[in-house]
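Trainee: I have a structure open on my screen and would like to learn how to read it. Could you take me through it feature by feature?

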Amino acid sequence: MTALTRRRFLAISAACAYTPVAAAASARWHGSALGAKASLRVEGLTNTEAAPIFDAVTAELTRLENIFSLYRPHSELSRLNTDGHLIAPSPELLKVLSLCSALHDASDGAFDPTIQPLWMAFAKGAELSELNRAQRGIGWHKVLVNTNAIRLPDPGFSGLTLNGIAQGEITDRIASLLNGFGLRNILVDMGEISARGTRSDGSDWQVGLAGPKHIVRGRLSLRDRAVATSAPAMMKLAAGHHHILDPKNRMAPQSTVSVSAANAALADGLSTALCVTPDRKVRSVLSHFPDAKLEMLVP
């Protein structure tokens, strides 16, 4: 998993054909989330009508980044990593960490937020001794989480990244925000994609699934469903290592993976875990989440 502004190549692009303006109103928003480009589309409203709603989206993104961002020094995640503990964590952070635990257990440790120090060591080209020190610090089971506080096992040598799941969680929360305004036909891309309802013509949303080298490997129809892709080869660290690391084996082969699920956070976490999971174990991991579906796997 990676730090948040080192965004994994999303490998998913909305492949929606534009409808004539006269056919139906469709409002679009473009901005950023966790340091990367983000967008959404709302059917049935003009941009003018949607402007107050889009202001609420921007405010909610700011609030969520103040929880999940690794690069805002006063975010909850940054304070946890700096201090080694966080008192009174937000419900949003606790919810994500609970899903992290489920993903860690289901994937036999392939999904592990404590990979962050090893990622940082690779990113700066650390010596082998430092890499080994960072490797020994990995272990989700060492992190203490309860409603009152979160504590890391070794302050100064341990830390968390939520890049393998936070983009999906933010995507879900923005989709829920729009639903709260009574909007049912929306396409949200805050790092992962959530497609709710339909397009203005009643058809499902269409997205493309892109593999290595940005080549579209397939297309997917979505309605009330989310999809996420992890593509390790889209970014390299020192010594040619991919930017999504296997917590147990730094040299493990990796795949580009797309997963769909009812919510984007789960799809995001599973796509991250499965890209470092041996093919023979993919079915076993997915069996823990009956709603999830493997949409693409490219070695």
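Mentor: Two strands pair if DSSP finds at least two bridges between them. Helices (H or I, at least four residues) and strands (E, at least two) are themselves DSSP runs, numbered from the N terminus. Here, three strands form an open sheet with antiparallel pairing, in the order 4-6-5. Strand 4 (85-87) and strand 5 (144-145) each have a single partner strand, so one side of each is left without a neighbour in the sheet.

Trainee: Before we go on, what sort of model is this, and how are residues numbered?

Mentor: This is a predicted model, in which local features need pLDDT of at least 70 and side-chain atom pairs count only at pLDDT 80 or more, while totals for chains, interfaces and linings use all residues. Residues are numbered from 1 along each chain as its sequence is written, and side-chain values use heavy atoms, with hydrogens and water left out.

Trainee: How many bridges join strand 4 to strand 6?

Mentor: Three bridges join strand 4 to strand 6 (residues 149-151), and the two run antiparallel. Across that pairing, Leu 86 stands opposite Ile 150.

Trainee: Which helix lies across strand 4 and strand 6?

Mentor: For packing you need contact, meaning heavy atoms within 4.5 Å. For angles, axes are lines fitted to C-alpha atoms, for helices over the stretch in contact, and the angles run from 0 to 180 degrees between N-to-C directions. Helix 2 lies across strand 4 and strand 6, at about 130 degrees to strand 4. Helix 3 also packs on this sheet, touching strand 4, strand 5 and strand 6, and its direction makes about 50 degrees with that of strand 6.

Trainee: Is Arg 79 buried, partly exposed or exposed?

Mentor: Buried means under 20% relative accessible area and exposed over 50%, with partly exposed in between (1.4 Å probe, protein chains only). Arg 79 lies in helix 2 (residues 76-83) and counts as partly exposed because its relative accessibility is 33%. Not counting residues up to four places away in sequence, Arg 79 touches Pro 73, His 74, Gly 84, His 85 and Leu 86. For contrast, look at His 104 in helix 3, which counts as buried at 14% relative accessibility. Leaving aside neighbours within four places in sequence, His 104 is in contact with Gly 109, Phe 111, Asp 112 and Trp 140.

Trainee: What is the strand order in the sheet of seven strands?

Mentor: That open sheet has the order 2-3-7-8-11-12-13, with antiparallel pairing. Strand 2 (26-33) and strand 13 (293-298) are the edge strands, each pairing on one side only. From one strand to the next, the twist averages 10 degrees. Helix 1 packs on the sheet, touching strand 2 and strand 3, with its direction at about 20 degrees to that of strand 2.

Trainee: What should I look for around strand 8?

Mentor: Check both faces. Ile 193 and Ala 195 on one side and Ser 194 and Arg 196 on the other are all buried. Strand 8 pairs antiparallel with strand 7 over four bridges, and Ala 195 is the bridge partner of Leu 187. The hairpin of strand 7 and strand 8 has three residues between the strands, and there Gly 191 takes a positive phi near 120 degrees.

Trainee: How far apart are the end C-alpha atoms of helix 6?

Mentor: The expected span of a helix is 1.5 Å times one less than its number of residues. The 15 residues of helix 6 (residues 166-180) should therefore span 21 Å, and the end C-alpha atoms are 21 Å apart, which agrees. Among the buried residues of helix 6 are Ala 166, Ile 170, Ile 174 and Leu 178. Their cover includes strand 3 (36-43), helix 1 (47-68) and helix 7 (264-274). Just after helix 6, Gly 182 takes a positive phi of about 85 degrees.

Trainee: Which residues touch the most other members of the largest nonpolar core?

Mentor: In soluble globular proteins, nonpolar side chains tend to be buried together. A nonpolar core is a set of buried Ala, Val, Leu, Ile, Met, Phe, Trp, Tyr and Cys residues joined through side-chain atoms within 4.5 Å. Of the 63 residues in the largest one, Leu 40, Leu 162, Leu 178 and Met 190 touch the most other members. A second, separate core of 11 residues includes Val 207, Leu 209, Met 296 and Val 298.
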